[in-house]
Amino acid sequence: MKQKVIAGLFWKLLENGGSQGIQFLVAILLARLLTRAEYGTVGIIMIFITIANVIVQNGFSTALIQRQKADETDFSSVFYFSLGAAFLMYGLLWVLAPWIAKFYDIRELSDIVRVLALVLFPGAVISVQTAWVSRQMEFKGLFLSTFAASVVSGIISVFMAYRGFGVWAMVGQQLAYYVCLMVVLFVTVTWKPAFLFAWKSIRQLLGFGWKLLAASLIDTLYNNLYGLIMGKIYNEEVLGVYNRGEQFPKLIVNNLGAAIQSVLLPAFSSKQGDTRAMRDMLRRAVGLSSFLVLPMLFGLCGVADTLVLALLGEKWLACVPYLRIMCVAYSFWPIHITNLQAVNAAGRSDLFLKLEIVKKAMGLLGLFAGIRFGPLVLIGIKAGLDFLTTFVNAWPNKRLLGYGIFRQWADILPSVGIAAVMGIGVYFAGFLVPGGPWVKLVLQVVWGVFVYVLLAAVFRMESFRYLLGIIHRGKEQRTQ
């Protein structure tokens, strides 16, 4: 299992790094070709599509992974049921499209919603395919599929933006990505849908999955509520700036965090009933993910202004404060992700739902308190609440596994300390390093990596020594 987890994590990291790396480069090109308002317009639409996708995709896919024995009937039943849900959600969005356009006073939103909502259909298929991949740990096929989809959709969107299609360039990117990913997965993944359907399978999976679906829906509605408010109360340009600022730290979290999440759930699930083994895996996951994620986010916070100037241009400098605040907010995600996956693997979707309700109630209070003070204060309050919710997410695992939040913070505080020192050093290096933004960016990044590795070695960080051990064993295996 240890070897499968490491191999799965490698391919999952490669998949996220490759596909999101390409999408990141495409986003930079689009940011130079499109206006901030055009980015905000698509951001508004993606909120509604994301919410609909949660209903279509979430719950069942996690239930398929968590279930100890999922057969062909289970997978095929979920496949057809998800497609039916996609039809229902598309019909709802088709009807609501004119109302959405009227609410935001943007006439073209109606047509864009109706076209972009087509991603629900390939999305329903992909959710079942990726559940099979996660269960079998066939992450190599997923890497090839997402990489191909990212390249094809990136080329299409950049070409459309260059030819003056405006917001439709981003619509084309989303459609091309989902369709291409679905098609390539059919080629690279061993699972194919059969002509099987059983309501019994749906009911059994729904018994576990509906709580996860409800929790995911609450989480998605809450997270996108900020975008809905910014697009309506402020304007789509403010939303575009916020989305650009969030893009960079979110890329890091989606890459490392989602990779760890995808591998941990099946790994945790395989150890159900073995409290000590799950506790050891949770402790390792919290420490290792924090050791990898924190320096990236703290370093990104330090180079924020240089990075935006170099990659996006001066017109996007307004997103720097949002970028730095979101770096702080996302730095707590390793604790969130690992604890929630342990709860899911233990089969406690009821606890998962309760946690989401508590956290979102806290978040709504912060939202209503901060909205009157402007978008920056609003996002700052969100970052503070993300810290407080680490205590909420870790609470069940103190009782289930004997590994509570104070022990978790004790394990990751060394990583927090050296990452903070590195981030501060990188920030002040920006004032001392001569040259243009590209030269400064490269030198700041090199300096940050050097300082972090040096501090990790000097203080003999446990996660650092663990990674060195994995690398050393890998070299020994290749030489044998």
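Biologist: Buried means under 20% relative accessible area. So what percentage of the residues in this chain is buried?

Modeller: This is a predicted model. In it, buried residues make up 54% of the chain's 480 residues.

Biologist: Let's pick one residue. Where is N339?

Modeller: N339 sits in helix α14, which covers residues 333-345.

Biologist: Is N339 buried or exposed?

Modeller: Buried. Its relative accessibility is 0%, so N339 counts as buried.

Biologist: What does N339 touch, leaving aside neighbours within four places in sequence?

Modeller: N339 is in contact with L282, N393, A394, N397 and Q408. Take L282 as an example. L282 is 57 residues from N339 along the chain, and their C-alpha atoms are separated by 7.3 Å.

Biologist: Which side chain makes a polar contact with the side chain of N339?

Modeller: That of N397, at 2.9 Å. A polar atom of the N339 side chain also lies 2.8 Å from the backbone oxygen of I335.

Biologist: You listed A394 among the contacts of N339. What happens at A394 in α16?

Modeller: Helix α16 bends there, by about 35°. A proline, P396, follows within four residues.

Biologist: What span should α16 have, and what does the model show?

Modeller: Helix α16 runs over residues 375-400, so it has 26 residues. At 1.5 Å a residue, those should span 38 Å. The end C-alpha atoms are 39 Å apart, which agrees.

Biologist: Which glycine with a positive phi follows α16?

Modeller: G402. Its phi is near 70°.

Biologist: What about α11: how long is it?

Modeller: Helix α11 has 28 residues, 275-302. From first C-alpha to last it reaches 40 Å, close to the 40 Å expected.

Biologist: Where is the kink in α11 centred?

Modeller: On S290. The kink is about 25°.

Biologist: Switching to cysteines. How many disulfides are there?

Modeller: The count comes to 0 disulfides. Look at C301. The nearest cysteine sulfur belongs to C327 and is 5.2 Å away. A disulfide needs the two sulfur atoms within 2.5 Å, so C301 is in no disulfide.

Biologist: Next, S110. Which helix is S110 in?

Modeller: Helix α5, residues 109-116. S110 has 11% relative accessibility, so it counts as buried. Apart from neighbours within four places in sequence, S110 is in contact with A97, P98 and A101.

Biologist: Last one. What is the phi of R460?

Modeller: Near 50°, a positive value in a residue other than glycine. R460 is in the loop between α18 (437-458) and α19 (462-479).

Biologist: Is R460 buried or exposed?

Modeller: Exposed. R460 has a relative accessible area of 57%. Exposed means over 50%, so R460 passes that cut-off.

How values were computed
Residues are numbered from 1 along each chain as its sequence is written. This is a predicted model: local features need pLDDT of at least 70, side-chain atom pairs count only at pLDDT 80 or more; totals for chains, interfaces and linings use all residues. Side-chain values use heavy atoms; hydrogens and water are left out. Helices (H or I, at least four residues) and strands (E, at least two) are DSSP runs, numbered from the N terminus. Buried means under 20% relative accessible area, exposed over 50%, partly exposed in between (1.4 Å probe, protein chains only). Contact means heavy atoms within 4.5 Å. A polar contact is a pair of N or O atoms within 3.5 Å; within protein, one must be able to donate a hydrogen and the other to accept it, and residues adjacent in sequence count only if both atoms are side-chain atoms. The expected span of a helix is 1.5 Å times one less than its number of residues. The bend at a residue is the angle between axes fitted to the seven residues ending there and the seven starting there.
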